[in-house]
Protein chains: 6
Amino acid sequence: MRPSGRAPEQPRDVRITRQYTKHAEGSVLIEFGDTKVICTASVENKVPPFLRGAGQGWITAEYGMLPRSTGSRMGREAARGKQGGRTVEIQRLIGRSLRAAVDLKKLGENSITIDCDVIQADGGTRTAAITGGCVALVDALNSMVAKGTLKASPLKQMVAALSVGIYEGAAVADLDYPEDSSAETDMNVIMTDRGGFIELQGTAEGEPFEQSELDSMLNLAKQGINQLFEIQKKALEEG
Amino acid sequence: MRPSGRAPEQPRDVRITRQYTKHAEGSVLIEFGDTKVICTASVENKVPPFLRGAGQGWITAEYGMLPRSTGSRMGREAARGKQGGRTVEIQRLIGRSLRAAVDLKKLGENSITIDCDVIQADGGTRTAAITGGCVALVDALNSMVAKGTLKASPLKQMVAALSVGIYEGAAVADLDYPEDSSAETDMNVIMTDRGGFIELQGTAEGEPFEQSELDSMLNLAKQGINQLFEIQKKALEEG
Amino acid sequence: MRPSGRAPEQPRDVRITRQYTKHAEGSVLIEFGDTKVICTASVENKVPPFLRGAGQGWITAEYGMLPRSTGSRMGREAARGKQGGRTVEIQRLIGRSLRAAVDLKKLGENSITIDCDVIQADGGTRTAAITGGCVALVDALNSMVAKGTLKASPLKQMVAALSVGIYEGAAVADLDYPEDSSAETDMNVIMTDRGGFIELQGTAEGEPFEQSELDSMLNLAKQGINQLFEIQKKALEEG
Amino acid sequence: MRPSGRAPEQPRDVRITRQYTKHAEGSVLIEFGDTKVICTASVENKVPPFLRGAGQGWITAEYGMLPRSTGSRMGREAARGKQGGRTVEIQRLIGRSLRAAVDLKKLGENSITIDCDVIQADGGTRTAAITGGCVALVDALNSMVAKGTLKASPLKQMVAALSVGIYEGAAVADLDYPEDSSAETDMNVIMTDRGGFIELQGTAEGEPFEQSELDSMLNLAKQGINQLFEIQKKALEEG
Amino acid sequence: MRPSGRAPEQPRDVRITRQYTKHAEGSVLIEFGDTKVICTASVENKVPPFLRGAGQGWITAEYGMLPRSTGSRMGREAARGKQGGRTVEIQRLIGRSLRAAVDLKKLGENSITIDCDVIQADGGTRTAAITGGCVALVDALNSMVAKGTLKASPLKQMVAALSVGIYEGAAVADLDYPEDSSAETDMNVIMTDRGGFIELQGTAEGEPFEQSELDSMLNLAKQGINQLFEIQKKALEEG
Amino acid sequence: MRPSGRAPEQPRDVRITRQYTKHAEGSVLIEFGDTKVICTASVENKVPPFLRGAGQGWITAEYGMLPRSTGSRMGREAARGKQGGRTVEIQRLIGRSLRAAVDLKKLGENSITIDCDVIQADGGTRTAAITGGCVALVDALNSMVAKGTLKASPLKQMVAALSVGIYEGAAVADLDYPEDSSAETDMNVIMTDRGGFIELQGTAEGEPFEQSELDSMLNLAKQGINQLFEIQKKALEEG
């Protein structure tokens, strides 16, 4: 029995609000239940030094949590003078995942930064960030087409992410904080809407997990991520 | 004529949403027009080293802007490894202002951190942060009473803040970004609901300002801040 | 009664020593009583990145205190790896104030850095720094004319600063450390020799201050700053 | 055809040298072909702050590369003043993986730090570090028993790691640098000698990977990791 | 022929001003010609962590240069966020040298920090700092006796320092900046007033130096340092 | 009697292994007894900013210790975010010493970085680093000639280094850790194979040292360093 009363395969309610703030080329508030993340996509007409002259673009991500997005206040990373290891790990994952959505050669010598800022955390912030960040990215790409910066959107495919895990011996989808903090295994699955995997990150927090558990988790992930693609699609059709 | 069409003495619409996020003891979204700041108040049962054993509490503030809260993306301070001078200046101002609201001796050996995070910027973020932060602070103090940590709220008085300035030769209240970026003088006024000044910070960006201009600005400030006290009061009476 | 026995409107003895060190284009030791600050003005033939190609110059300031300029030793900021919030706040104030003295367009693409290093502190270091820094700035501008870098000095007006406050219920001018550490209100006033305000920063450390107290403080400030302009003038006429 | 001429399922030659340096409680040089990593295990009789009084021990890892362990020199992280994102990601992975080998409650209030320093890199440094680090950890645990700090070794199981990937369309085991830099998918698999997974990290660098490719990679991983357990076992039986 | 016209063995005029600033337990302005360094000695009733409970005291030094103490402005180390290598090297040398003057066991569990801040640089700042720092240290030790913190001064011997070098083929004493910047060899010699060496640091900037040149330099050093001991002694007898 | 049983003038066994790692232009493992340092020389076709356009090359050094190269684990400098003072001091010494081996004008606009990483420490790491670094440097210069980057090697002379000291009242050569930690005086001597001194750094850790002790130490140093030149020469003749 899950703390939230959800069925094992049931993700939380997912809500996507586009144009959430007014300055960014793409701006999305994504909610996975009580987890709330602001994802903005910012376009700049330049590329990082290692790509200068390479005739392609770049997509990168940064991640942060408001100090009191969590149950007890965390020190502000800007005040401590460095980003923690978990932050670095997550923002690299978001960046790699979203680069898979776009044909970087067709992006031209432009960069898009996806900022994912958690305003309320209840488990699954990185999967919410990827899923919402992809919608912000699509909006930003479309704004580049609208402004004439690009002739066509270089979007190759949609990308979405879900956490799955082994909780009290059973595979479950979209762990919230009470599950996440006591799950035996936690796995983040990032897929494309064509059915391929972009990234798999599974960690046994307690006991190692077996092949059969891996299979169960991946099945739940595929099922749940397909629902996310539907929600992304609906959000993009509105407005 | 102001870019927004407002009368010189007219502040923007101010909205205060309490219980904006679920974890903090006080959590407020404050909007001064398009300026939106999340203010959370977090209680901790300890004091900073310089107050250990002094038998009193402490209130401090931290300020941040989401990287794309502004027209063009700013580098993330956590990634750059330090808070900028403007951030430091603002968070010290917020902390000083809100400490004036509370009898720190009656707070016991507890600390309250007010985190002010700008999710959308359009001028006046520091005055919005102080005005919203005071409401979050009241909620946090009341939660301490409700939990039995304190017998009575140590609130002495409400605090609110408004920017005033000289724009195209005339005194105006609550400058938005287009005004702020071309005003001759910009002044932040922080007052208590008993009518005293907590802090005055006036800066001539272009020409020096005269005593008569100072007097006009202070008159607008008093008038506008009284409206803010009404809005704070209404927000606190709800819910 | 003031601890120093001074009358309420009486500033401390102010001494200005020009050519205090030999390398800088402008080098001043300014003393406000026991407060001693070395102010140097250094000219560089370049501008910061945000002004490149803008056809104007820039003036900036840095502030520091020798570790034992104070009653108990403070940690050295260079050793701690960052400037504290108070330092940042003060150096931004000095920079803004001194930029008001100069027509930056007539400065050409040159920068002047005003370094204000406190060798002995007894209250009022920031007002001493601004008052002495302005003299060092004038010397540096004149040296640029002498070297042929500029045809005429771009000085628009002199700038000087004084602290005023409410000490034991009365307005007083030029607070020394014993007053500063127990004053109810502390206000720094920066003016031009044409009578306008450049910056006002008033903070109620204890009780809020009223309009009438503000008026008294500003009167003392105007009076005292006029004396500072006389002292600057005399110092510049010598040598 | 693999650049090295190896069969798809064939790992590189793996060599483990124990007692490689003289000071550490466990010290191992592990070589996966031309990849060479020094793994030391250092015991300290204390735990990190978050575990004080929890009656358990802790295992953590740090990772570094000598600046010229790679084809072109990388800046030294100590000189740049921060560890890069990749470093942080890898050392967190090593730490999580090796904690799974030990019953932390039976470790007492002791910490073991596994330092993994790459002296020559040719792909697969993180899997070599985990595999060699586990041997250094066993030696450190045994030294604690020998010294009487612990009554019995709290080792639960051996842990080893191998990279697998999709290279030119086929699944291959233990990618070296030429393969790693052009593989479509790269997956790090960490397992226990009882057959469970500790961690899976698969990343599609180019095209997404399919379930069938995942299955092939996992099969190669299991096979290769079993060989690593044999090599660890032999090394531990010697000397 | 030396640029200053001095004879090879002739140091610059050395002046020592005690009680230069009012807060420190020892405060000295030392001048070696145009090189001017403020040396303060600050007493604290505690020792660094590595000496806790060791029943002895500690002496350490910090060194800094005002940004415009030199011909062209150097960046402020506090603003850059780190002390440069030269600074670190020099302050470690000063600390080691001055620890040799004192019986640390008789100092009790007290620390003395010698801050050496260069306000004008013209070569030889580190030797001036050691020579002046020793006088400030004596004053601080005597103040501890006067206050009853110590029963007797733990001073063992005086320490002084002089630079010598090979300039245009000849050994010279107390190099000023024009000599220092083109000398073939530069050597800093730190001695006690009993005639022993505390530290020797000789560096061939251009050609290696021979034993005979070393001998000549050491002879000049001994001679010049004896003069410094006289000057220290006179300064300490005054006031 | 020395702890190792060596005669006073007897250095430890010195072993030099060239081509120790495969990527660097010069790569040496040098062992002074149990002290083991990897020295790599990395060539880059650029010069630091202060030499741009000066028509010469540059040689610099960086030094590090693996965290458990020592008896108890030291914190990793990359994790602490800064290099310690001792590290900075040593790497500056190595750089200065090795620059003396080369005619920088004949090096062209190329830089060589000597990385000296201690994998096992037992005293004398800096002298081992200089002696081994010089061999790595020669290999790197020869590789530049072999690749046609340079027409002839700009090597002027070999450089080697040895520590000498006063241990229990007698001068000894090549102090190991037990001697180093209780020696009265420790001196590092760096010489060229033409017999001149490059650098002398002698420190009295306890009692000051006398001229006669200095003479004894320098005699041992010359004798021992001549043996090091033989060992360097043999190593370079092999392979």
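# A guided tour of the predicted model

Begin by selecting Arg96(E): apart from neighbours within four places in sequence, Arg96(E) is in contact with Glu199(E), Gln201(E), Glu89(F) and Thr203(F). The model on display is a predicted one. Colour helix H2 of chain E, residues 85–99, to see the element in which Arg96(E) lies. Arg96(E) has a relative accessibility of 18% and therefore counts as buried, the limit being under 20%.

**Salt bridges between chains**

Next, select Glu89(D) and Arg96(A). These two residues form a salt bridge whose closest N and O atoms are 3.8 Å apart. The pair crosses between chains, running from helix H2 (residues 85–99) of chain D to helix H2 (residues 85–99) of chain A. Are Glu89(D) and Arg96(A) buried or exposed? Both are buried.

Move on to Arg73(C) and Glu62(E), which form a salt bridge with 3.0 Å between the closest N and O atoms. This pair also crosses between chains: Arg73(C) is in the loop between strand E4 (58–65) and helix H1 (77–80) of chain C, and Glu62(E) is in strand E4 (residues 58–65) of chain E. Arg73(C) and Glu62(E) are both buried. Over all chains, the count of salt bridges comes to 120.

**The interface of chains A and B**

Now display chain A and chain B together. Here 37 residues of chain A are in contact with 37 residues of chain B. Between them, the two chains bury about 2,900 Å², with 47% of it on carbon and sulfur atoms.

The interface of chain A and chain B holds 14 salt bridges. To view a salt bridge between these chains, select Arg76(B) and Asp115(A), whose side chains meet at 2.7 Å, N to O. There are also 25 residue pairs in polar contact between chain A and chain B. On the side of chain A that touches chain B, strand E3 (35–44), strand E4 (58–65), helix H1 (77–80) and strand E5 (111–120) each supply at least two residues. The largest share, 6 residues, comes from E5(A). By class, this side of chain A has 13 nonpolar, 12 polar and 12 charged residues.

**A buried strand in chain F**

Turn to chain F and select strand E2, residues 26–32. Because 7 of its 7 residues are buried, this strand is largely enclosed by the rest of the structure. In a regular strand, side chains alternate between the two faces of the sheet. Gly26(F), Val28(F), Ile30(F) and Phe32(F) point one way from E2(F), while Ser27(F), Leu29(F) and Glu31(F) point the other way.

Ile38(F) in E3(F) is the bridge partner of Leu29(F). The hairpin of E2(F) and E3(F) has 2 residues between the strands, and Gly33(F) takes a positive phi near 60 degrees there.

**A link within chain F**

Finally, select Arg12(F) and Asp174(F), whose side chains meet in a salt bridge at 3.0 Å, N to O. Arg12(F) lies in the segment before E1 and Asp174(F) in the loop between strand E7 (170–173) and helix H4 (177–180) of chain F, so the pair ties together parts that are 162 residues apart in sequence. Arg12(F) is buried, with a relative accessible area of 10%, and Asp174(F) is buried at 0%.

Notes: Residues numbered from 1 in each chain as written. Chains lettered and ligands numbered in written order. Predicted model: local features only at pLDDT ≥ 70, side-chain atom pairs only at ≥ 80, totals over all residues. Heavy atoms only, no water. Contact = heavy atoms within 4.5 Å. Buried area = accessible area lost by both parts, 1.4 Å probe. Salt bridge = Lys/Arg side-chain N within 4 Å of Asp/Glu carboxyl O. Polar contact = N/O pair within 3.5 Å; in protein donor to acceptor, adjacent residues only side chain to side chain. Helix = DSSP H or I, 4+ residues; strand = E, 2+ residues; numbered from the N terminus. Nonpolar A, V, L, I, M, F, W, Y, C, P; charged D, E, K, R; others polar. Buried < 20%, exposed > 50% of the residue type's maximum accessible area, 1.4 Å probe, protein only. Pairing = 2+ DSSP bridges.
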